[in-house]
Amino acid sequence: MLKHSGDRLRSLLGSAETIPFMGVYDAFSAAIAGRYYQTLFLSGYGFGASYYGLPDIGFIAWADMVNFVQRLRTILPEHLLLVDIDDGYVDVQTACHVVRQLEQLGAAGVILEDQKRPRRCGHVDGKQLLDTDSYGKKLTNVLAARDRLFVVARTDATELPEIIQRCKHYANIGADAVLADGIKDLGILKTLKSEVSVPIVFNQIAGGKSPTCTLTELNNAGVSLVNYSTPCLFAAQAAITAEMERLSQADGRLSERGLSNCNQVLQRSLDNSSRLRAYD
């Protein structure tokens, strides 16, 4: 039997390199990204946009995200999947249930944020935080509910003293890693690294509050894992928009490209699904 995905992720983080998790928004984008990256991030922003056509302000139903993970595990059985579960879908009991489901499906890890409803994307204004006791209770129960799933505690605090205080508290509770989202200065990461003993995670999103960085820059700042939230989604938006504009100006004439390349991706997914293996 293969090692559990959570343990495989921990093994990767034992290296000196910063590990990139590429953000995907549906099974097809995952099938493409999975040809280049063995580590994939299931972005709440991307999934909300793709599955519902709605902004990242808390519309995702937990069962839909669990089903998404199940579909990806079928076509990418050996990839490591890091899953954005927002605030655990509101209450402690639901958060624990989702974590158990995801671990059973073979997800490698989850990211659990400390926002309260109405929640929103970590890179927009107007975020509200749970008090540390309320989030600490949720995090404690999630950690007790998992077996070997990797749990990242995310804070949406914006001021450095509170970021450090919350991350240290979450690390002391037992989180496997911490993430401070929406930060504007990489110096915060270096300070945070000196204050906590667990790995640091960084969220990259084009056009967000945080600077876009190379893996080398993030490694120098002490980041162990970086999740790329939306590159597939934003690339798809640009490509679809360009093609719709071209078609509307070309009297509807299709280009000759497309079918062969798409079929190659889909056939690869079918081949992978036949090799699905259970994790212990």
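**Figure 1. Residues around the second largest pocket.** In this predicted model, 14 residues line the second largest pocket. Ala-157, Thr-158, Gly-182, Lys-184 and Lys-209 are the ones that lie nearest its centre. The pocket has a volume of about 210 Å³. What classes of residue make up this lining? There are 6 charged, 5 nonpolar and 3 polar residues.

**Figure 2. The largest pocket and its lining.** The volume of the largest pocket is about 780 Å³. Its lining counts 23 residues. Closest to the centre are Phe-28, Ile-32, Ala-236, Ala-239 and Ile-240. Which helices each supply at least two residues of the lining? They are α2 (27-33), α10 (231-249) and α11 (259-273). Helix α10 gives the largest share, with 9 residues. Sorted by class, 16 lining residues of the largest pocket are nonpolar, 5 are polar and 2 are charged.

**Figure 3. A cavity inside the model.** Rolling a probe the size of a water molecule over the atoms shows where empty space is left. How many cavities of 30 Å³ or more does the structure hold? The count is 1. The largest cavity has a volume of about 140 Å³. Its lining is made of 18 residues. Asp-84, Arg-154, Asp-181, Asn-203 and Ser-229 lie nearest the centre of the largest cavity. By class, the lining of this cavity holds 7 polar, 6 nonpolar and 5 charged residues.

**Figure 4. Arg-119 and its partner Asp-56.** Side chains of opposite charge can pair when their charged atoms come close. A search of the whole structure turns up 18 salt bridges. One of them joins Arg-119 to Asp-56. The closest N and O atoms of this pair are 2.9 Å apart. Where in the chain do the two partners sit? Arg-119 belongs to the loop between β4 (109-113) and α6 (132-145). Asp-56 belongs to the loop between α3 (44-52) and α4 (62-75). The two residues are 63 residues apart, and the bridge links distant parts of the chain.

**Figure 5. Arg-119 and its partner Asp-86.** Arg-119 also forms a salt bridge with Asp-86. Here the closest N and O atoms are 3.8 Å apart. Asp-86 sits in the loop between β3 (80-84) and α5 (92-105), while Arg-119 sits in the loop between β4 and α6. This pair, too, links distant parts of the chain, with the partners 33 residues apart. Asp-86 is buried, and so is Arg-119.

Figure 6. The side chains of Asp-156 and Lys-127 meet in a salt bridge, 3.0 Å from N to O. Asp-156 lies in the loop between β5 (150-155) and α7 (160-173). Lys-127 lies in the loop between β4 and α6. The partners are 29 residues apart, in distant parts of the chain. Why does Asp-156 count as buried? Its relative accessibility is 2%, and buried means under 20%. Salt bridges that share partners tie residues into one network. Its members are Asp-56, Asp-86, Glu-113, Arg-119, Lys-127, Arg-154, Asp-156 and Asp-181.

Figure 7. Thr-18 is placed in the loop between α1 (5-13) and β1 (19-24). This residue is buried because its relative accessible area is 7%, under the 20% limit. What does the side chain of Thr-18 meet in a polar contact of 3.1 Å? The partner is the side chain of Asn-219. A polar atom of the Thr-18 side chain also lies 2.7 Å from the backbone oxygen of Val-223. Leaving out residues up to four places away in sequence, Thr-18 touches Leu-215, Leu-218, Asn-219, Val-223, Ser-224, Leu-225 and Val-226.

**Figure 8. Ala-177 in strand β6.** Ala-177 is part of strand β6, which covers residues 177-180. Ala-177 counts as buried because its relative accessibility is 1%. Which residues does Ala-177 touch, not counting those up to four places away in sequence? They are Phe-150, Val-151, Val-152, Ala-153, Val-198, Pro-199 and Val-201. Ala-177 and Asp-114 are 63 residues apart in sequence. In space, they are 14 Å apart, C-alpha to C-alpha.

Technical notes
Residues numbered from 1 in each chain as written. Predicted model: local features only at pLDDT ≥ 70, side-chain atom pairs only at ≥ 80, totals over all residues. Heavy atoms only, no water. Salt bridge = Lys/Arg side-chain N within 4 Å of Asp/Glu carboxyl O. Helix = DSSP H or I, 4+ residues; strand = E, 2+ residues; numbered from the N terminus. Buried < 20%, exposed > 50% of the residue type's maximum accessible area, 1.4 Å probe, protein only. Polar contact = N/O pair within 3.5 Å; in protein donor to acceptor, adjacent residues only side chain to side chain. Contact = heavy atoms within 4.5 Å. 1 Å grid on protein atoms, 1.4 Å probe; cavity = no way out; pocket = protein on both sides within 12 Å on 5 of 7 lines; lining within 4 Å. Points joined across faces, edges and corners; volume = space filled by probe spheres on them. Nonpolar A, V, L, I, M, F, W, Y, C, P; charged D, E, K, R; others polar.
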